[in-house]
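Keep the sequence and the structure open as you read.

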Amino acid sequence: MTSLLVLITTILAWNLQYVTFDFEFEKFFPNDHPDSQAYTKHSAQFGYDNDYLHIIIQKDNHLFDPDFIKRAHLFERSLTKINDVENVYSPLSLQHVIKSPTGLVIFPLIHTKDPTKYQLRQDSMRIFGNPFYRSAFSENRKALSIYLNHAHFADQRRSEQLLSAIRFQAEKHGIENIRLVGKLSAAGVFISYIQNDFSKFLIGSLCLSFVLLLLIFRSFKSAMLPFLISLLSIVWLFGLIGMLGYKINLLSSLLPPILFFVSMSDAVHLMNALKKTLASNSVDRVKGAMKIVWVPTFLTSVTTAIGFLSLLWINTEPVQFLGLFASIGILIAFVITFTFGLLVASISSYETKKRILEVPESWLNYLLNNKTIIIGIACVLLMILTPGIFQLRINSFLLDDLPEESQVRKDFEFADDQLGGSKPYEVRIEVTDTASSIWDKEVMDQIIKIEEYLLNEYPIAKVQSPATIIKYLNMANNGGLNENYQYPSSSGAYSQTLRLKNRIDPKRLDKLVTANGKVARLIGFFPELGSYETGLKNEKMLLFLKDEIDTEIIQYQITGTTYLIDKSHELLSINLLKGLLTAILVIGIILGIYFKSWKLLLISLVPNLIPLLMVAGTLGWLGISLKMTTSIIFTIAFGIAVDDTIHMMSYYLKSQESDPVLRMKETFKHAGSAMLITSIIMMSGFALYLFSNFGATYYLGLFVSLSLLIALVIDLSLLPLLLIKFRKNAK
């Protein structure tokens, strides 16, 4: 047995080196949702809308300075030579087209080749008088935009290489103030925070738990066993993840604390049983401890694993990954506890004379003498907190988890404040009659309605669509004057304008209209409003389109990464809560079968549902929104908290004492001691996460700690009163 354990540990420890991190937004989309399937089809035609980088270059004064414009243009040209860059668009390379009696006159929008101050002054007047050109510049006229389309990355290292190459070229060409806004920059910083928190708090939890175990057991040997069991559980699980080639994402980064504290609970209950079992030798002590803890520990492992397995019903890869490997890890912890743990215990002796943390003997007397007060306090707290549940709102902000001082967050906020927005917005347009074309006048008349609504009512900045191209060509066809940047209303003017279409860069058209002319897209950018407000705006727009758009001419659909991220946050938050309710139901049924009593089933749920209700109410009153990273807290808290309830009820029901009060005193002495130890260690471990600057980690630490504290208080107050009353009635 020892050789097998060593061999497995060695193999899995070796595979830890293959554990990598991932932050693919697309993986959070529900695979079977119609919107996801529509986006897959859309991205196959136009590419991923998130494969862009918004490069913002700033100059505090005189943006149209000849030397700066020249260097900026050289920087822009250098971007096209970087690996994985597909296209680069900016006003620095845009041309202004005018139709004259002698033909088309084409000249640079900005004179970047040996520019003079006079030329640039004229250029700036033309630019800021035209909404099409002006959208590429900030409101304060101190920054301009360069949009870069890049390859679709599945490997974060390639992303970092591209970002490094862009920064290098900026430094090389003397562009000192540069901001990078897009998935690449956001994903990089998210992964950085996940990696830092993953390692920092895992090490911190290990060290803190060992110190606490040492203080509680006052024996190095006694503290070492549960510590090693937890450590081995983590090594086995993540070695398995590395061996199978999976990557750690935002959700699966929660696995270490889940596994660490669940395995710690198993080990502490075993250690406490070993300490409390009186026997003349180690083997008999192990046998005695097994009788006490094997069945309840197996039951807690199974029920907790089932709780996380309920996440498999949510058809989203990262959630399923968390559910599957949390369950596997919990079962691994059980196996290690009752193989390695018992193996060490059978060859070691543990002193039983040293007192460890215990529930005071006077506590039960206090409970029995103050039943009304205790029940009253619980009811008052529920009455105050639970109405907050109705204040809960599903709402997510893409970068809300990043600290305010994060440079990436500042860059996105700058784009929101000064350049119309940082989030891409996309509408898919498809002709209803396959004999028609996007460029037909009656089709374009419908598209311009959508574009005008997005620009003026939503509002969305920098909208580009086939209608945008028509407005630009109409301007060129009418002397290049800014006031002629508008949609031609008459069929004759439209036909004349359309003749200039072949002068547009084909790469630009390919990004907006498919080659067969049957499908188009409207793309733009808007500020971070939060998924709730964005959803309201989308509903309002869809109502407008339902009344104004002729669906016999075109079909329309909101799509794109931003839309799906907001949608997936909403769906995931709801599904996680549904999964929690399912887990509660399944676990309740198992406990009802185990305890052979529906009354005991209800009693077992009380100390686990009340903390969830109180925490949910607290979230609501504090105005903290439900989103993926806060909804998962309830699953974690329930999965961990239910363990102590099962141990306590199992010991109480198996006790040989006939008197319910004496039975509870014995339960406090044995199971209560382990509950105090595990709860203190778990709460202290999760409290470490309060030192994180990353919002998801911080809220995990805060509300799981709060849930565990409430669960402990109820386990040691309401639960004993309910069990004593049940036992008396059973007589």
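## A buried glutamate

E426 has 2% relative accessibility, so E426 counts as buried (under 20% relative accessible area; exposed is over 50%, partly exposed in between; 1.4 Å probe, protein chains only). The residue sits in strand 9 (residues 423-431). Helices (H or I, at least four residues) and strands (E, at least two) are DSSP runs, numbered from the N terminus.

The side chains of E426 and R521 are joined by a polar contact of 2.6 Å. Such a contact is a pair of N or O atoms within 3.5 Å; within protein, one must be able to donate a hydrogen and the other to accept it, and residues adjacent in sequence count only if both atoms are side-chain atoms. Leaving out residues up to four places away in sequence, E426 touches H42, D49, R521, L522, I523, Q557, I558, T559 and G560. Contact here means heavy atoms within 4.5 Å.

## Basis of the model

The model is predicted: local features need pLDDT of at least 70, side-chain atom pairs count only at pLDDT 80 or more, and totals for chains, interfaces and linings use all residues. Residues are numbered from 1 along each chain as its sequence is written, and side-chain values use heavy atoms, with hydrogens and water left out.

Two strands pair if DSSP finds at least two bridges between them.

Strand 10 and strand 11 (residues 519-526) run antiparallel and are joined by two bridges. A461 stands opposite F525 in strand 11. Axes are lines fitted to C-alpha atoms, for helices over the stretch in contact, and angles run from 0 to 180 degrees between N-to-C directions.

## Helix 15 against helix 16

The axes of helix 15 (residues 441-456) and helix 16 (residues 466-477) come within 8 Å and cross at roughly 95 degrees. The two helices are therefore roughly perpendicular (65 to 115 degrees; under 35 is roughly parallel, over 145 roughly antiparallel, the rest oblique).

Helix 15 contributes M444, I447, I448, E451, E452 and L455 to the contact; helix 16 contributes P466, A467, T468, I470 and K471. By class, the contact has seven nonpolar, one polar and three charged residues. Ala, Val, Leu, Ile, Met, Phe, Trp, Tyr, Cys and Pro count as nonpolar, Asp, Glu, Lys and Arg as charged, and the others, Gly among them, as polar.

An open sheet of four strands has the order 3-6-2-7, with antiparallel pairing. Strand 2 (residues 52-58) and strand 6 (residues 143-150) pair over seven bridges. L53 stands opposite L148 in strand 6. Helix 3 (residues 66-79) lies across strand 2, strand 3, strand 6 and strand 7, at about 160 degrees to strand 2.

## The whole chain

The chain has 25 helices and twelve strands. Of its 731 residues, 58% are buried. The C-alpha atoms fill a box of roughly 110 × 55 × 45 Å, taken along the principal axes.
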